[in-house]
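Subject: Structure handover

Hello,

Here is the structure I promised to pass on. Please open it first, then read the notes below.

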Amino acid sequence: MTASRRPKSDALFDAAQKIVPGGVNSPVRAWKAVGGTPVHAHSGAGCWLTDVDGNRYVDLVMSYGPLILGHAPARTTAAIVEAAAGGTTFGAPTERELRLAERIVEYVPGVDRVRLVNSGTEATMSALRLARAATGRDAFLKFNGCYHGHGDSFLVKAGSGALTLGEPDSPGVPKALAELTLVAEYNDTDEVRRVFAEHGDRLAAVFVEPIAGNMGTVNPAPGFLEALRELCDAHGVVLVFDEVMTGFRVARGGAIERLGVVPDLVTLGKVIGGGLPIGAYAGKDELMRQIAPLGKVYQAGTLSGNPLATAAGLATLEALEDRGAYECLEDAGAFVQAGLEDAARAAGVPLFVGRCGSMICPYFAAEPVTRFDDVMASDRERWVRFFHVMLDEGVLLPPSPFEAWFLSTAHDTEALEHIVRAGAKALQSVA
Ligand SMILES: *Cc1c(COP(=O)(O)O)cnc(C)c1O
């Protein structure tokens, strides 16, 4: 038996498993889908992550999305340090909160008002409460394969049988609450029309990831989001785009700008916090003015809009105003996609690469992946072997075939070529 390349990761993981559930503070980090000891991070610089054993990897996890400028970008780090030196939280309004909100209003189409929270989960829970309050209805619709954080109403899967009533997807979620969550197939416009015909007038909201990034990277079919918009309008339902992942990632104005369909509410997180905990929900004035203290819908937070998160977020959004940032991200994504597709052809491996800008996900599938069933039908066993070869080649992928890879402006030519070279080798080895 060869010695582990990561003895210190092994030791930390053994110790952590004794006192932290599964040894991790968020489930996917436990590497259950791929096996082995998770790489324990020591530090990051640009697109590189160094583990506690001194191994270096080109990082494609990028903290699952926030790090659009790479690890520890100088301007962001300086802004965090400066903010920290002046006090980390006050419980009083600050100028940075206003400046961050102004940027969101300026860039995200359809947004008049913004409320900052501390995570994407908080953002979606709050947006759902607002939609329920505004409509006086309790039920809402979401889609198979989309993720909206771990709020009770969202941890729901499609029920069995013909009807769309949801069932708890985790112990501890009340059945009575889950029944208020209806679940349809992403990209299945006909099914959505059927759900609306039967339940449209009791729906408070439709929640959707306009570009689905929690089942890899699945783009909306032509007309799908437009149909949601039209059906929500016809039935007085609040359309919510969950752009926690895609906001300021696929374009400055997120999927809304990129695809041109404007929802009533949008949830944000990840990139707008520049690597610190943050979330936001935002939208039309007539809805957002119902939030306390302006309106009656209660939502609050001790650390909401805190100086560190808003300083990091502002520095990030400012850097993204540099000309060429999004072109750079688009080019990086296109380069990796083309490199993987060429290598797959050469290796004779069926591969479909889903991509939107700098979000990318290769599936071992012969046909395009457009919905959750397709994702589940892809060859996951082959993907796991691919993951481990990539790791040996110094490329750190998210440890699940359902997670998007994230590129950043720090992934330079050298790193991109490294990814494609490793990918070619990995594809050969799983052929
Ligand atoms: C990450 C994510 C969330 C949850 O955000 P947290 O900050 O992890 O709570 C919600 N929705 C989408 C689309 C996400 O990608």
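Which kind of contact joins the side chains of R99 and E95? They meet in a salt bridge, with 2.9 Å from N to O. Both residues sit in helix α3 (residues 95–107). They are four residues apart there, so about one helical turn separates them. Across the whole structure, a search finds 20 salt bridges. Please keep in mind that this is a predicted model.

Two domains

The domain assignment gives two domains. Domain 1 covers 7–68 + 323–430. Domain 2 covers 74–319.

Where the domains meet

How many residues of domain 1 are in contact with domain 2? The count is 29, and they touch 27 residues of domain 2. Together the two domains bury about 2,200 Å² between them. Of that area, 56% is on carbon and sulfur atoms. In domain 1, three residues lose the most area to domain 2: Y326, C356 and M359. Together they make up 27% of what that side buries.

Next, the polar side of this boundary. Between domain 1 and domain 2 there are 10 residue pairs in polar contact, both residues being at pLDDT 80 or more. There are also two salt bridges between the domains. R258 and E330 form a salt bridge, and their closest N and O atoms are 3.0 Å apart.

Which elements of domain 1 give two or more residues to the side that touches domain 2? They are α11 (325–347), β13 (352–356), β14 (359–363) and α12 (372–377). The residues on that side of domain 1 divide into 19 nonpolar, five polar and five charged.

Aromatic pairs

A search of the whole structure finds 12 aromatic pairs. Take W31 and F387. Their ring centres are 5.1 Å apart and their planes stand at 90 degrees, so the pair is edge-to-face. This pair links distant parts of the chain. W31 is in the loop between α1 (7–19) and β1 (41–45). F387 is in helix α13 (residues 380–392).

Two backbone details

Look at P293 in the loop between α9 (285–288) and α10 (307–319). Is the peptide bond from A292 to P293 cis or trans? The bond is cis, with omega near 10 degrees.

Then go to Y64, in the loop between β3 (56–59) and α2 (74–85). Y64 is not a glycine, yet it has a positive phi of about 65 degrees.

Best wishes

Notes. Residues are numbered from 1 along each chain as its sequence is written. This is a predicted model: local features need pLDDT of at least 70, side-chain atom pairs count only at pLDDT 80 or more; totals for chains, interfaces and linings use all residues. Side-chain values use heavy atoms; hydrogens and water are left out. Domain bounds come from an automatic or database domain assignment. Contact means heavy atoms within 4.5 Å. Buried area is the accessible area (1.4 Å probe) that two parts lose on being put together, summed over both. A salt bridge is a side-chain nitrogen of Lys or Arg within 4 Å of a carboxyl oxygen of Asp or Glu. A polar contact is a pair of N or O atoms within 3.5 Å; within protein, one must be able to donate a hydrogen and the other to accept it, and residues adjacent in sequence count only if both atoms are side-chain atoms. Ala, Val, Leu, Ile, Met, Phe, Trp, Tyr, Cys and Pro count as nonpolar, Asp, Glu, Lys and Arg as charged, and the others, Gly among them, as polar. Rings of Phe, Tyr and Trp (its six-membered ring) pair if their centres lie within 6.5 Å; planes under 30 degrees apart count as stacked, over 60 as edge-to-face and the rest as tilted.
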